[in-house]
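These are my notebook entries on one chain, kept in the order in which I looked things up.

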Amino acid sequence: MPDAPALFPLFLDLRGRRVLVVGGGGVAARKIRALLDAGASVTVGAPVLELVLAAQVREGRITHLRGEFDETWLDDVWLVIAATDDREANSAVAAAAQARRIWANVVDDAELASAQLPARVQRGPLQIAISSGGSSPMLARHLREKLETELDDSLGALARLFADARTRIRAQLPDLTARRRFFQRVLSGPAQALLRRGDTDAAQQAIDDALITTTPTHGSVALVGAGPGDPGLLTLRALRVLNEADVILHDRLVSREVLNLARRDAEFIEVGKRVGGDHDATQARIHDLLIEHARAGKRVVRLKGGDPFVFGRGGEELEVLRAHGIGFEVVPGITAAVACAAHAGIPLTHREHAQSLRLLTAQARDGDAEHDWTALAQPQQTLVFYMGVVGLERLRDKLIAHGRAASTPFAIIENGSRPEQRVIAGSLDELPELARIHAVQAPALLVIGEVAAFATELHWFGAPPITSDVRCLQRALAHAA
Ligand code: SAH
């Protein structure tokens with residue numbers, strides 16, 4: 001579970017509001033400069049002031065309260081910053097502020113502070129504030145530096161153009177959805193590149209053009225593969241489509257981290273099938289929802305774990321859409337076999353060990369799947385079973401009975417590519433026992449074939465594989481301790 005952030009981000013309009021800064025040194029001076037930039041009415045309280053502050057007092061830009069901190073300094077103050085180099089003095093300021101319910105920032109002391117100043121990236125009116133919740137200001141600063149290099153000034157210029165056009169945009173496009181599409185048109189258009197080249201007039205023109213273009217109100221559906229869970233394994237196209245979605249119908253398998261990347265004000269509908277539930281009823285409901293929202297002119301994203309065309313019933317959904325004349329696109333995703341193999345160090349094919357790869361399901365519509373067991377029992381091929389945490393005994397017996405060697409390696413990858421990934425490896429004859437002993441849980445994928453032996457040798461991600469080999473087991477335990 002990700003940690004819940006302890007801090008609530010908030011941007012303050014300090015224009016004309018009184019802010020007290022206690023302390024008259026260099027740190028106080030830096031905070032005061034930022035406060036003045038934000039238009040605050042600053043009072044500084046300290047026995048003596050360093051040069052720049054003294055000059056600002058002389059120029060009438062800030063007010064000075066001379067002496068040691070006094071509680072009455074907090075009268076009429078919205079926010080206080082304790083910036084002395086004396087923890088006791090800072091602590092007294094924080095306590096007095098707390099008693100009066102005034103937010104207090106204490107420089108370099110997250111413990112005393114009720115408000116923290118974030119690391120910031122500014123581009124014109126646009127601001128990005130970063131907080132590590134006090135856990136590591138260095139990390140926040142590092143991220144800020146990264147963003148400083150990644151986000152160029154054209155963003156600020158664009159924000160300014162949008163600000164200028166704000167009234168016109170609202171008048172022309174009173175409808176929120178239409179307005180959002182307008183912004184998407186501008187953002188995916190040439191405006192930003194033009195600004196980067198310094199051509200503000202042409203950028204302005206691009207915005208005006210986007211404003212008069214009328215958008216089609218046909219809804220459409222994007223069938224999108226969300227990959228195995230790690231958002232780093234989404235495609236850029238999936239990300240773009242998720243950012244433009246009005247409605248997102250997602251499976252239960254889709255991770256929270258991926259959903260967090262989607263447009264915040266999209267409507268999220270979980271349509272997952274539960275074990276033991278009525279899958280056909282659920283599927284029919286999904287079809288109804290797809291049609292209903294697309295007909296209402298929405299941009300619908302149907303988001304599935306892995307790839308939508310690999311054991312995802314994506315084909316069925318598109319057939320229904322086609323029958324109803326609804327437009328669609330398909331965005332592929334990294335399927336569990338590919339993601340799990342990569343994260344378990346199992347090359348699915350190998351010049352010496354496996355010349356073919358089969359993706360199979362362990363479960364059919366009604367119970368255990370039937371396969372061409374003779375074909376599956378051939379050596380030098382990799383079998384990947386989806387939905388395969390049950391029926392392992394039968395699977396092993398069938399394969400061995402049809403001639404696959406009892407010593408053929410297998411690997412079960414549970415929660416593949418996620419931080420809690422577990423890999424259990426062994427040989428075919430001990431497959432059901434090992435799965436039982438280690439209480440394998442869904443989602444898990446089963447790989448059978450010579451290449452599965454690489455799980456031990458090429459392990460690189462998460463905990464080392466659990467094997468029946470005692471030495472490996474000990475090593476795994478030592479590693480986990
Ligand atoms: N369309 C999906 C598969 C859906 S079927 C895809 O392309 O990956 C669901 C099965 O996928 C699960 O029963 C499990 O076998 C497998 N699976 C999905 N995500 C997984 C993961 N992170 N780790 C292991 N197996 C996973």
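Before reading any strand pairing, I noted the rule in use: two strands count as paired if DSSP finds at least two bridges between them. I also noted that the model is a predicted one.

**Entry 1: the parallel sheet.** I looked up Leu79 and found that this residue stands opposite Trp103 in β5. Leu79 falls within strand β4, which covers residues 79-82 and pairs with β5 in the parallel sense over 4 bridges. I then traced the whole sheet, which is open, has 5 strands with parallel pairing, and runs in the order β3-β2-β1-β4-β5. Why is one side of β3 and of β5 left without a neighbour in the sheet? Both strands, β3 (63-66) and β5 (103-106), stand at the edges with a single partner strand each, so one side of each has no neighbour there. From one strand to the next, I recorded an average twist of 20 degrees.

**Entry 2: the mixed sheet.** I next turned to an open sheet of 6 strands with mixed pairing. Its order reads β13-β16-β19-β17-β18-β20. I listed β13 (356-361) and β20 (466-467) as the edge strands, each of which pairs on one side only. Within the sheet I followed β17 (residues 409-414) and β19 (residues 444-448), which pair in the antiparallel sense over 5 bridges. Here Ile413 stands opposite Leu445 in β19. Which helix packs on this sheet? I found that helix α15 (residues 392-401) does, touching β16 (381-386), β17 and β19. The direction of α15 makes about 15 degrees with that of β19.

**Entry 3: a helix pair.** I examined helix α5 (residues 154-172) and helix α6 (residues 176-188), whose axes come within 13 Å and cross at roughly 145 degrees. By class, the contact of α5 with α6 has 7 nonpolar residues, no polar ones and 2 charged ones.

**Entry 4: the domains.** Finally, I recorded how the chain is divided: domain 1 (18-117), domain 2 (139-214), domain 3 (218-334) and domain 4 (337-480). How far apart do the C-alpha centres of domain 1 and domain 3 lie? I noted 52 Å between these two centres.

Key. Residues are numbered from 1 along each chain as its sequence is written. This is a predicted model: local features need pLDDT of at least 70, side-chain atom pairs count only at pLDDT 80 or more; totals for chains, interfaces and linings use all residues. Side-chain values use heavy atoms; hydrogens and water are left out. Helices (H or I, at least four residues) and strands (E, at least two) are DSSP runs, numbered from the N terminus. Axes are lines fitted to C-alpha atoms, for helices over the stretch in contact, and angles run from 0 to 180 degrees between N-to-C directions. Ala, Val, Leu, Ile, Met, Phe, Trp, Tyr, Cys and Pro count as nonpolar, Asp, Glu, Lys and Arg as charged, and the others, Gly among them, as polar. Contact means heavy atoms within 4.5 Å. Domain bounds come from an automatic or database domain assignment.
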